[in-house]
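Here is a short briefing on one structure. Please look it over before reading the points below.

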Amino acid sequence: MSAFKSDFLRIMSERGFIHQTSDDAALDDLFAKEVVTAYIGFDATAKSLHAGSLIQIMMLHWLEKTGHRPIALMGGGTSMIGDPSFKDEARKLLTPADIDANLVGIRRNFAPYLTFGDGPGKALMVNNADWLMSINYVEFLRDVGRHFSVNRMLSFDSVKLRLDREQSLSFLEFNYMILQAYDFVELSKRTGCRLQMGGSDQWGNIVNGIDLGHRMGTPQLFALTTPLLTTSSGAKMGKTASGAVWLDPEMLSPYDFWQYWRNTEDADVGRFLKLYTTLPLDEVARLATLDGAEINEAKKVLATEITALLHGRQAAEQAAETARKTFEEGVTADSLPTVEMPRAELEAGVGILALFVKAGLAASNGEARRHVQGGAVRLNDQPVSDDRRAVTLQDLSPEGVLKLSLGKKKHVLVRAI
């Protein structure tokens, strides 16, 4: 569909969120004439979501901003199984206690983006454990399972890929798509939900829910999926060599979050400004045309705007200022990520490799050694070429800190206590 009437779908289209919809015209009519309730599901596989989930969170943010009602569906029930879609092997099974702890953390991720409440125009947070954990299995098979064709389920790319590789798909995992489809029907009955959104890898699961709703008498249900995002070089969004880009500030500092976006590849700046910020599109277009050294200014705007949405404007500007001082003035900024170390350990001397591992700049001594050999390691802004170098109290600054650097963009302070 070339032009949407409704604000929400027009924004989704203009900003690059739409990969597929199940019925463009009918969905646009629905958004144009009434308040639409739509949901995205999030399984509780960790204590925080990471940057790979931000595109989905931004869709819910725009949904609320255009006057509609978003639902963040917490997968308290489905997390007991784990989504097998496009996975090479079964997920590690989580205990109910693990899932509950993870849900507490994930709920915090949404607070900056959505306003939750019971009133009109307020977002809802719902847990599918509320209905899935009390299902009577035999009744469920009779009332819901009979609507599913195994032949059709085997034809979905998410399943075929696993089977074509001759990797086992357990009956437990095979049930996941039935439960997800049932979630859509249940949300339709409980909240009037008409639309499920998700990544393009969820298309088959969402369409299953639409079909099940049709067979079980719901109003017409709809699907909207986003492109499966990678960076221009093919890297997966939200992951780096050193780990996930967590949304929880206790798991990743606002400064490191800011740095992740500051390091965006040139070719991705315009696309990411559209998807991950709320800047007007004319400003996005202006920033996207910058090149040469000026593209770095656009990257700083990108990093600051995304960080401000999640962690607040003050934290974003502090991260930007820390980076400016560190890179442009060469000073040690107090707001750099900091780890503490007993003075007694430094008195005895700590190997540079172990120190880099402790600071989180390397996963192992072997990785740290490779960084030293590659010339990427600096201590107090001085290159380190000896991987047996011991760091002692003599290396401390007058303020009692060490500055560790990996390459030009990763820095950690070690504070003696």
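In what order do the five strands of the open sheet lie? The order is E9-E15-E14-E11-E12, with mixed pairing. This is a predicted model: local features need pLDDT of at least 70, side-chain atom pairs count only at pLDDT 80 or more, and totals for chains, interfaces and linings use all residues. Residues are numbered from 1 along each chain as its sequence is written, and side-chain values use heavy atoms, with hydrogens and water left out.

**The sheet**

- Strands (E, at least two residues) and helices (H or I, at least four) are DSSP runs, numbered from the N terminus.
- Two strands pair if DSSP finds at least two bridges between them.
- E9 and strand E12 (382-383) are the edge strands, and each pairs on one side only.
- Strand E11 (residues 377-379) pairs antiparallel with E14 over three bridges. Leu 379 has Leu 404 as its bridge partner in E14.

**Strand E15 and its neighbours**

- Five of the seven residues of strand E15 (residues 410-416) are buried, so E15 is largely enclosed by the rest of the structure. Buried means under 20% relative accessible area, exposed over 50%, and partly exposed in between (1.4 Å probe, protein chains only).
- Strand E9 (residues 338-341) pairs with E15 in the parallel sense, over four bridges. Thr 338 has Leu 413 as its bridge partner in E15.
- Strand E14 (residues 401-406) runs antiparallel to E15, joined by six bridges. Leu 402 has Val 414 as its bridge partner in E15.
- E14 and E15 form a hairpin with three residues between them. Gly 407 in the turn has a positive phi of about 65°.

**Helix H10**

- Helix H10 (residues 176-191) is mostly covered, with 14 of its 16 residues buried.
- Just after H10, Gly 192 takes a positive phi of about 75°.

**Aromatic pairs**

- The whole structure holds nine aromatic pairs. Rings of Phe, Tyr and Trp (its six-membered ring) pair if their centres lie within 6.5 Å; planes under 30 degrees apart count as stacked, over 60 as edge-to-face and the rest as tilted.
- Phe 42 and Phe 110 are edge-to-face, at 4.9 Å centre to centre and 75° between the planes. Phe 42 lies in strand E2 (residues 37-43) and Phe 110 in helix H4 (residues 96-110), so the pair ties together parts 68 residues apart in sequence. Phe 42 and Phe 110 are buried.
- Trp 261 and Phe 272 are edge-to-face, at 6.0 Å centre to centre and 85° between the planes. Both are buried.
- Ring pairs link Phe 257, Tyr 260, Trp 261, Phe 272 and Tyr 276 into a cluster.
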